[in-house]
Amino acid sequence: RSKRTLSASQRVTALLDKPMFSFLTEEEKRETVVTIQGDVAVPNIGMSQNDSQDVYENYNITHVINSAACVNFTEPLEIAAESNITSALQLQDLTKRLKNKNAIYTYLSTAFIHGNQIGSAECPLAEELFDF
């Protein structure tokens, strides 16, 4: 989806330009990744009918990776649930409807735990497991 002043396509291009994707050639990036405008919080991912048909019938999608999430921890529950739960259900449904029935759905979660301690890159918190 678009965000601020960037289109979905511009956002994907910026992502693929990051060093972590330097192992891919520009041609591999163009041939491997297709950007489709949508919104994971609405039915059918907010795709147009033409985009839906392409996704379900024409592309050989092997993986659906869900990294969409609301990470504003003061968001009202209804808004956070729509962003975090509805989006996951919508993308699971999309994965089930793909032509490739072996497509893998992966959900990346953001976990947030904040105690009364503060850490930084220079002075990280000690890695201790919580003891019940």
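Ile45 is placed in the loop between α2 and α3, where helices (H or I, at least four residues) and strands (E, at least two) are DSSP runs numbered from the N terminus. The model is a predicted one, in which local features need pLDDT of at least 70 and side-chain atom pairs count only at pLDDT 80 or more, whereas totals for chains, interfaces and linings use all residues. Residues are numbered from 1 along each chain as its sequence is written, and side-chain values use heavy atoms, with hydrogens and water left out.

With a relative accessible area of 9%, Ile45 is buried, a term that stands for under 20% relative accessible area, with exposed meaning over 50% and partly exposed in between (1.4 Å probe, protein chains only). The phi angle of Ile45 is near 60°, a positive value in a residue other than glycine. Asn44 is found in the loop between α2 and α3 and has a phi near 55°, likewise positive in a residue other than glycine; its relative accessible area of 24% makes Asn44 partly exposed. Most residues other than glycine have a negative phi.

Ile45 also belongs to the largest nonpolar core, which comprises 9 residues and includes Met47, Val55, Tyr56, Val64, Leu91, Leu94, Leu98 and Ala103; such a core is a set of buried Ala, Val, Leu, Ile, Met, Phe, Trp, Tyr and Cys residues joined through side-chain atoms within 4.5 Å. At least two residues of this core are supplied by each of α3 (49-58) and α4 (77-97). Leaving aside residues up to four places away in sequence, Leu98 touches Val55, Tyr56, Ile61, Val64 and Ala103, contact being defined as heavy atoms within 4.5 Å.

Helix α4 has 21 residues, which at 1.5 Å a residue should span 30 Å, and the distance of 29 Å between its end C-alpha atoms agrees with this; the expected span is 1.5 Å times one less than the number of residues. A bend of about 25° occurs in α4 at Thr86, taken as the angle between axes fitted to the seven residues ending there and the seven starting there. The buried residues of α4, among them Ala80, Asn84, Ser87, Ala88, Leu91 and Leu94, pack against α3, β1 (63-66) and β2 (104-107).

Within strand β1 lies Asn66, which counts as buried at 0% relative accessibility. Apart from residues up to four places away in sequence, Asn66 touches Ser87, Ala88, Leu91, Tyr105, Thr106, Tyr107 and Leu108.

The largest pocket has a volume of about 2,100 Å³. On a 1 Å grid over the protein atoms alone, a pocket is an open set of points where a 1.4 Å probe fits, with protein on both sides within 12 Å along at least five of seven lines, and lining residues have an atom within 4 Å of a point; grid points are joined across faces, edges and corners, and the volume is the space filled by probe spheres set on the points. The lining consists of 45 residues, of which Val12, Val33, Val34, Ile65 and Ser67 lie nearest the centre of the pocket. At least two lining residues come from each of α1 (8-16), α2 (26-32), β1 and α4, with α1 giving the most, 6 residues.

Thr13 lies in helix α1 and counts as partly exposed at 44% relative accessibility. Thr32, placed in helix α2, counts as exposed at 57% relative accessibility.
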